[in-house]
Amino acid sequence: MRNVFFYLWVVVIVLFLGGCFNRQPLPYSYEVYEKKRGATYFRTEIEKKRDELEVQKALLECGQESPLGDSTNDSNKIALMDRCMEKAGFIDTNYLKYTGGKTYCDRHPTLPACKLPLSQIPDRNITMRLQSKWCTQLYPQASACQIGDT
């Protein structure tokens, strides 16, 4: 009987301590990129949704597997996608906060994609977005997979 109370007490302690740690899930890619702007300004909910859709489209057009994230471990591909987003006018605000204002290429300057001038980084490619696995197989009805401004 004493062992039952001991194990019950251990379970209660573990459950209690498990709630003490504030672990937040990582945000999706489209949630951390923002359009470069000079000053912060008020945006309506409609404008926020439009901007979110524009980020999702840009991520797919820059070669990311999905607007939620990319499973690649290829650092050069990550740098190329990040530079494409930079060229398109977007910044990864979450990464900049995490690194104290440094971009991915600031942290990894020896990568081939980081050595290229911005003019040699590929532009956004609508065909790449529309022919991505995300748009052709997984979520063809997604707003980011539609042609035109939706």
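Which residue forms a salt bridge with Arg83? The partner is Glu86, and the closest N and O atoms of the two are 3.9 Å apart. A salt bridge is here a side-chain nitrogen of Lys or Arg within 4 Å of a carboxyl oxygen of Asp or Glu. This is a predicted model, in which local features need pLDDT of at least 70 and side-chain atom pairs count only at pLDDT 80 or more, while totals for chains, interfaces and linings use all residues. Residues are numbered from 1 along each chain as its sequence is written, and side-chain values use heavy atoms, with hydrogens and water left out.

The protein chain has nine helices and two strands. Helices (H or I, at least four residues) and strands (E, at least two) are DSSP runs, numbered from the N terminus. Read from the N terminus on, the order of the elements is α-α-β-α-α-β-α-α-α-α-α. Of the 150 residues in the chain, 29% count as buried. Buried stands for under 20% relative accessible area, exposed for over 50%, and partly exposed for what lies in between (1.4 Å probe, protein chains only). Among contacts in the chain with a separation of 6 or more, 65% come from residues 24 or more positions apart; contact means heavy atoms within 4.5 Å.

Arg83 and Glu86 both belong to helix 4, where they sit three residues apart, about one turn of the helix. Arg83 counts as buried because its relative accessibility is 9%, whereas Glu86, at 28%, counts as partly exposed. Other salt bridges share partners, and these join Glu54, Glu61, Arg124 and Arg129 into one network. The structure holds nine salt bridges.

Glu54 has 30% relative accessibility and so counts as partly exposed. Arg124 falls in the partly exposed class as well, at 28%. Glu61 forms a salt bridge with Arg129, and here the closest N and O atoms are 2.7 Å apart. Again the pair links distant parts of the chain, with Glu61 in helix 3 and Arg129 in helix 8, 68 residues apart. Both Glu61 and Arg129 are buried.

The loop between helix 3 (45–61) and helix 4 contains Gln64. Gln64 is classed as buried because its relative accessible area is 8%. Its side chain makes a polar contact of 2.9 Å with the side chain of Ser29. A polar contact is a pair of N or O atoms within 3.5 Å; within protein, one must be able to donate a hydrogen and the other to accept it, and residues adjacent in sequence count only if both atoms are side-chain atoms. The side chain of Gln64 also reaches the backbone oxygen of Ser66, at 2.9 Å. Leaving aside residues up to four places away in sequence, Gln64 touches Ser29, Leu59, Gly69, Asp70 and Met81.

Two or more lining residues come from each of helix 2 (29–32), helix 4 (75–87) and helix 5 (93–98). Helix 4 gives the largest share, four residues. By class, the lining divides into 13 nonpolar, five polar and three charged residues. Ala, Val, Leu, Ile, Met, Phe, Trp, Tyr, Cys and Pro count as nonpolar, Asp, Glu, Lys and Arg as charged, and the others, Gly among them, as polar.

Asp106 is partly exposed, at 46% relative accessibility. Thr110 is in the loop between helix 6 (104–107) and helix 7, and is exposed, with a relative accessible area of 62%.
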